[in-house]
Amino acid sequence: MLSAICCQSLDPEPPTAEEGEQAEQAPAAEKPGVDHISGSEDEQAEIYGYRRSRLKTGITWFFIVVSAGFLRLIFHWVPVWMLKATHSQCSLECATKVLIVEYFKKYKRNFVKTISEVQAQNIRYEKEYSVLHSATKQTGSRDEGDIQQMEDLNLPTTLVIPNSSGCLTEVDNIRLFKCRKMMYIWDKDTQSFYRLRGLDIGNTAEDLHKYRGLSWVEQARRRVVYGENSIRVPITPITQLLFLEALNPFYIFQLFSVCLWYSDNYVWYATVIVVTSVVSLISEVYQMHCNQVALSSTIQTADTVQVLQPGDTVETIPSEHLVPGDVIIIPPQGCMMQCDAVLLQGNCIVNESMLTGESVPVTKTPIVDRPDVIYKEKEHGRHTLFSGTQVIQTRFYGGEKVMAVVVRTSFSTSKGSLVCSIMYPPPVDFKFQQDSYKFVGVLAGIASLGFIYTVVTKVMRGLTIRAIALDSLDLITIVIPPALPMAMTVGILYALRRLKKHKIFCISPRSINISGVLNCICFDKTGTLTEDGLDMRGVVPVCQDTDQVALSPMTAAATLPHGHLLFAMASCHSITVINLEKVGDPLDLKMFESTGWTLDEPGLDDTNKYDMMMPSIVRPSAPDVVISNENVETEMIASLSRPETIPADFSEQLHQYTIQGYRVLSLGWRPLKLSYLKAQRINRDEVECDLQFLGLLVMENRLKKETTPVIFQLHKANIRSIMVTGDNMLTALSVGRECGLVSPHQQVITIKAAAPHQGCPASLTFHANRTNTPSSFQGTQQMDIQVNIDEKMNDLYCFAMEGKSWRVVHQYFSNVMQKLVVRGAIFARMNPDQKQQLVLELQSLGYFVGMCGDGANDCGALKAAHAGISLSEAEASVASPFTSAHPNISCVPELIKEGRCALVTSFGIFKYMAAYSLTQFVSIMILYSIDSNLTDLQFLWVDLFLITVFAIFFGRTDSYNGPLASYSPPAALLSFTPVMSILLHIFIVICFQTFCFFHVQNQPWFVPYNSSMAEEDIFASHENYAVFSMSQFQYIILALVFSRGPPFRQHIYTNFLLTGSFIIITICCVILTVAPPDFIIEFFEIMVPPADDPDAYFFRWQIVLFSVLYSVLAVFTEYVIIDYIFYRKLKPKFHNIYKSKKKYLALERELQEDKEWPPLAPCDAEMTGNSENKELILNACELHNTVLKSEVNGSVPSAVTTMTQFHSSL
């Protein structure tokens, strides 16, 4: 094996504990004097150098030891603090560690990385026979001379790396670090780090053609820098995952709580918490491990490849050994690309569905050998074979080989970038999760106040230190319920089970709650809204009349007479037969199969068919017809045909079929009086001219039957639907109208943007056309531009945009972008990065975005969305939190229903657990005032039999089976309504418990509690009875009040277990209060009012009557004051959308109120073009001064075509 062994670690990726993430508000502008490293278009990263300080390290570890490791635990949670506590900031040149602060929108993430140094002199080269097969030596044979020492080979003593401009340079040593799988190298000249690139920058086409293979020495040198060509997803061992998850702050607090309880002999409840926490932890770790294994097995692939070496020798090596500069040979039968490579010789038919989502194969041609052409991936995509794509077959001439030069490997490839977007998704903000931590912090503050009060009062009473410590610390575990994670987990488990019934599988349980507030869903088209592939709709042949040429009505291909149109359909394709099956473009297959002919390739076996230099035979029921399969550009047929053969109604018919969403292809022919060999060598331009037009081929992409009802259901629920696809614009528009995503009366404004070119600034053009629905098509009318827009039509328009325009707008018209996104409905020709950018733009406007797709090209968007739903079991399923076994969008409303149910359940459980903690806190503080407390059995009855039972059964209520509500449940736990709900309920709790506490003291049979008995843990008293009896009913009523029903959950009586537990526990509490048996009195250590005293016995029923009164007040407070008055009446009136985090509300209001937008008038605009194509031009500076109000306000019904063009002055 060929290897380069270095004494230093060549993978300086530090362990997980060295990384940290936090979401904070990003600065508005770059800080002066701060170093930066390059990132993507949406990201900027600052980099700071640090080196270890012995003094700071010693002091830090001293405090770590003094704190018994607790300080180190805090540093584990916040790694940046550990870095700053043990290191001092310095220049990057002398740094040993770096802090990367990556800004993304309003968030930032911190990464702590270690700098490694590689010395060329410390590298030992070995040449083991790594070739798996060659022409001169058989596999497995090995001579003693295969391993040679360095001095015998005259090996180089330097390393070769590309500098920041792409030029290869030789250096003695390299300083580098890895962040997010990307390597950054130190540049001594610029005194900065730059990202390691391959041959994709700074190389001309001529430079790429100069590569004729690398020797094993050069391969080894480059592999030292680039590493192995593999995309591996690390699988963390289960033991390590278990340890890291156990260090979660919640689990640490639970450990502290159970230790305290065991020391206080509170064994039963502590054991329950331990068992449930361990089960929850193990299940969570197991799920995480399974997800890592699934992602790794799906992503990681390896193969053997043939590479060219000096002397035109060909050797086979593992794909992991490829480096930029290697020349690989593409096998005739095709292969899966393991790297990004530029085609140098020969053609390839490639399936790029992994990148684009479209299953239509594309043809890759070799790049021209010119010194003035700089290779750029975006401009030369038709010459680039991307990693992860499938080469179906190759085409070459004679004995030539199909060769390509490797330009990128590993995570630098297109597939590697996709995997990185899955492994390191952008931070997603969900208010409920953030507020839950803040609320726990508030509870901790309350616990701190109670802790201080308890310590002070008990010290003043002269209690022992042990008693003070146990009571004070126990108060903390009461206010902050250790069972809260368990209660939240149980609710999520029920949601997972309900989703599984709907055949929706989840790998990220934390995403379930957020799916309940989705208000914008992005859909892929092909395979998601529509069926995969195209179906033959019919053929429109040319009809030759005496006066003019016209198109005949659509007919089936099988009914065509034997003529040139039928012959063209049978022969104009690139289909071949492999393993007795026809293989080729799916469109070609549909076209050929519709003819009913058969394809025969006589005299060739499967291994020789990729040449495509031999004629094929297509056989109808008539004699054989031999036609070469010349495939012309069908979209240009009309312009390449003789004018007299073009039908008079060609444009009208073409437009009619196009706006109905059909895929239309034109067919033409001309005779060739050439031999077959000469026909293959003739210039294509000489063939594609003077054609005779034959007709149109009409194909359709059918909607899935579930699509339209789901879109209608989402619209009715005020959930926005957006189509984002890689397909063309016209097809997307038609599908959008057909499924109801764009309403029949809604005007569609198409956005066209052009990048700066030859001194011309970037331009933005709006094309507003309005046509009838496909079923009622009557043609298109044209009229002059109208500025006065009907007010009622102002909100009846939407935008449609293609990926090319998106890129320009995203770069040059960022201020206009938000308005376009708010009203955007159709986004066509979008690549994977642009899909992800769209999702992120929507999120930045305050939308909660869901993404539904089925292809690997959707992976980035699926991962970036708040809730991604995959309809595929391939790559998309490992990137998406949710995967549906039903390949249609019916899973979307089901997920939203279950998400809303889970979110309302989580809110209810959280509010209930908080109210329970505060209720018990109130009871304890009241009893602490007389040095009393609840007994252990009383604690156990409340914690285990009341709270735990309710918390377990709380989430069993199913989601509402009616239509989706037109509003979402609240997502912010610290908003006015939930906080006011908890405060009002706790206020009522305090009032009733305090009243009972003082009311019992006014009874004639009352016996005061003797505080001296507290030292013997005897807490039985009448005060204890009154407070405990009242509180147990409050726990039941709070659970009943917070268990909400429609419109997000079913009625509570449908949850039989919860309803049954309410009834049984209420009966038990009544018995415990009114007539407890003697053994219950003994176990619970309660002092009940004497039974022989009528007044005392009536007091027992008074507690029950007070509980009934409390329940009435609690229900009235929750459903009338909180829900009806505060949430439904007062909140909408006082809600200021201009200060809301939902920016889209203010933008939408602005668009609706602005009746003069766009800010144009005929006198202010310069008309360009002819009368048939009018344009309005406005300088971008004027747009900026008017807040870039660059949209069209709809149109009166007769208005059809409007074009408004803006030029950027940037």
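This is a predicted model: local features need pLDDT of at least 70, side-chain atom pairs count only at pLDDT 80 or more; totals for chains, interfaces and linings use all residues.

Biologist: OK, and where does E1082 sit?

Modeller: E1082 belongs to helix α34, which covers residues 1078-1084.

Biologist: Which residues form the negative surface patch?

Modeller: D936, D1078, E1082 and E1085 make up that negative patch.

Biologist: Is R829 exposed or only partly exposed?

Modeller: Partly exposed, because its relative accessibility is 45%.

Biologist: Let's switch to salt bridges. How many are there in the whole structure?

Modeller: The search finds 20 salt bridges.

Biologist: Give me one with some reach. What does K819 pair with?

Modeller: K819 forms a salt bridge with E1150, and their closest N and O atoms are 3.4 Å apart. K819 is in helix α25 (residues 814-823) and E1150 is in helix α36 (residues 1143-1153), so this pair ties together parts that are 331 residues apart in sequence.

Biologist: Are those two buried or partly exposed?

Modeller: One of each. K819 counts as buried because its relative accessibility is 4%, while E1150 is partly exposed, with a relative accessible area of 25%.

Biologist: Which residues are joined into a network by salt bridges that share partners?

Modeller: R197, D200, D340, E377 and R408 are linked into one network that way. Within it, D200 bridges to R197, with the closest N and O atoms 3.1 Å apart. D200 is buried at 7% relative accessibility, whereas R197 is partly exposed, with a relative accessible area of 31%.

Biologist: Now the inside. How covered is helix α6?

Modeller: Helix α6 spans residues 216-226 and is mostly covered, with eleven of its eleven residues buried.

Biologist: Which residues other than glycine have a positive phi?

Modeller: Among them are K181, with a positive phi of about 70°, and Q191, with phi near 55°. K181 is in the loop between β13 (173-179) and β14 (182-187). Q191 is in the loop that connects β14 and β15 (192-195), and Q191 is partly exposed, with a relative accessible area of 33%.

Biologist: And the backbone around P1047, is that peptide bond cis or trans?

Modeller: The bond from P1046 to P1047 is cis, with omega near 10°. P1047 is in the loop between α32 (1022-1042) and α33 (1056-1074).

Biologist: Changing topic: what does UniProt list for "transmembrane region"?

Modeller: The unreviewed UniProt entry lists several spans, including 59-82, 439-456, 909-930 and 1055-1075.

Biologist: How much helix is there in 909-930 and in 1055-1075?

Modeller: Residues 909-930 are 91% helix and 0% strand, with the end C-alpha atoms 32 Å apart. For residues 1055-1075 the values are 90% helix and 0% strand, and the end C-alpha atoms lie 30 Å apart.

Biologist: Last one, P586. Where is that proline found?

Modeller: P586 is in helix α17, residues 586-595. P586 is partly exposed, with a relative accessible area of 30%. The C-alpha atoms of P586 and D535 are separated by 9.8 Å, and the two residues are 51 residues apart along the chain.

Note on methods
Residues are numbered from 1 along each chain as its sequence is written. Side-chain values use heavy atoms; hydrogens and water are left out. UniProt positions are given in the numbering used here, feature names are shortened, and annotations may be inferred rather than shown by experiment. Helices (H or I, at least four residues) and strands (E, at least two) are DSSP runs, numbered from the N terminus. Buried means under 20% relative accessible area, exposed over 50%, partly exposed in between (1.4 Å probe, protein chains only). A salt bridge is a side-chain nitrogen of Lys or Arg within 4 Å of a carboxyl oxygen of Asp or Glu. Patches are made of residues with over 30% relative accessible area and no salt bridge: like charges are joined within 9 Å, nonpolar side chains (Val, Leu, Ile, Met, Phe, Trp, Tyr) within 5 Å. Accessible areas come from the Shrake-Rupley method with a 1.4 Å probe; for residues, only the protein chains shown count as cover. Lys and Arg count as positive and Asp and Glu as negative; His and the chain ends are not counted. The place of a charge is taken as NZ of Lys, CZ of Arg, CG of Asp or CD of Glu.
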